[in-house]
Amino acid sequence: MPPQPEQYEYLEHTADAKFRAYGKTLEEVFENAALAMFNVMIDTKKVLVETSLEVSLKSPGLDTLLIDWLSELLFLFEVEETIFGEFRVEEIREADGEYSLKARALGDKWNLEIHPFETEIKAVTYNQLELEKTPGGWMAQVVVDL
């Protein structure tokens with residue numbers, strides 16, 4: 001009697017990725033959170049800096065500004081087909097109860113042969129989100145939906 005096909009098997013599955021980013025300043029922790037997020041998808045060390053896109057955002061709180069920043073970078077990656085390997089957050093400030101961010105995302109056009117896609121990120125979530133001042137600066141914890 002031939003062997004029966006397996007009815008099922010267990011496969012490794014991760015529904016999301018969680019990371020912590022650190023920085024001496026608020027700007028630096030936003031830069032490092034973006035770098036951590038892009039390293040989930042690709043090897044950012046292989047990204048050439050040939051394109052620079054400006055990002056300006058406003059948000060009612062710092063937590064939402066962080067989510068908006070990372071979500072905007074994902075949007076730019078998908079729409080502009082640009083991958084980023086360097087981030088320069090020039091300024092985060094508070095005015096009239098609102099936070100604003102001015103930054104540049106540096107990278108190049110996505111080429112699958114040069115930049116193999118490791119994991120797709122569907123969305124940045126508020127799940128387990130933390131952004132706090134620490135004795136050494138700032139820490140951000142982010143969960144992204146894969």
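This report walks through the predicted model shown above, from its overall build to a few single residues.

**Ground rules.** Residues are numbered from 1 along each chain as its sequence is written. Because this is a predicted model, local features need pLDDT of at least 70 and side-chain atom pairs count only at pLDDT 80 or more, while totals for chains, interfaces and linings use all residues; side-chain values use heavy atoms, with hydrogens and water left out.

**The overall build.** Let's start with the whole chain. The protein has two helices and six strands, where helices (H or I, at least four residues) and strands (E, at least two) are DSSP runs numbered from the N terminus. Read from the N terminus, the order of the elements is β-α-β-α-β-β-β-β. The C-alpha trace spans about 75 × 35 × 25 Å along its principal axes.

How much of the protein counts as buried? Of its 146 residues, 42% do. Here buried means under 20% relative accessible area, exposed means over 50%, and partly exposed is in between, using a 1.4 Å probe and protein chains only. The protein exposes about 9,000 Å², and carbon and sulfur atoms supply 49% of that area. Such areas come from the Shrake-Rupley method with a 1.4 Å probe; for residues, only the protein chains shown count as cover.

Among contacts with a separation of 6 or more, 69% are between residues 24 or more positions apart. A contact means heavy atoms within 4.5 Å.

Side chains of opposite charge can pair when their charged atoms come close. A salt bridge is a side-chain nitrogen of Lys or Arg within 4 Å of a carboxyl oxygen of Asp or Glu. A search of the whole structure finds two of them. One joins E54 and R104, with the closest N and O atoms 3.3 Å apart. This pair links distant parts of the chain, with E54 in strand 2 (residues 51-59) and R104 in strand 4, 50 residues apart. The side chains of R88 and E86 meet in a salt bridge too, at 2.7 Å from N to O.

| Residue | Relative accessibility | Class |
|---|---|---|
| E54 | 60% | exposed |
| R104 | 26% | partly exposed |
| R88 | 43% | partly exposed |
| E86 | 28% | partly exposed |

**The loop between strands 4 and 5.** Is H115 buried or exposed? H115 counts as buried because its relative accessibility is 2%. H115 sits in the loop between strand 4 and strand 5. Beyond its neighbours within four places in sequence, H115 is in contact with several residues, including I42, K46, V47 and I83. H115 and V47 are 68 residues apart in sequence, yet 7.6 Å apart in space, C-alpha to C-alpha.

E81 is not a glycine, but has a positive phi of about 50 degrees. E81 is in the loop between helix 2 (62-80) and strand 3 (82-95) and is partly exposed at 49%. D96, also not a glycine, has a positive phi of about 55 degrees. D96 lies in the loop between strand 3 and strand 4 and is exposed, at 83%.
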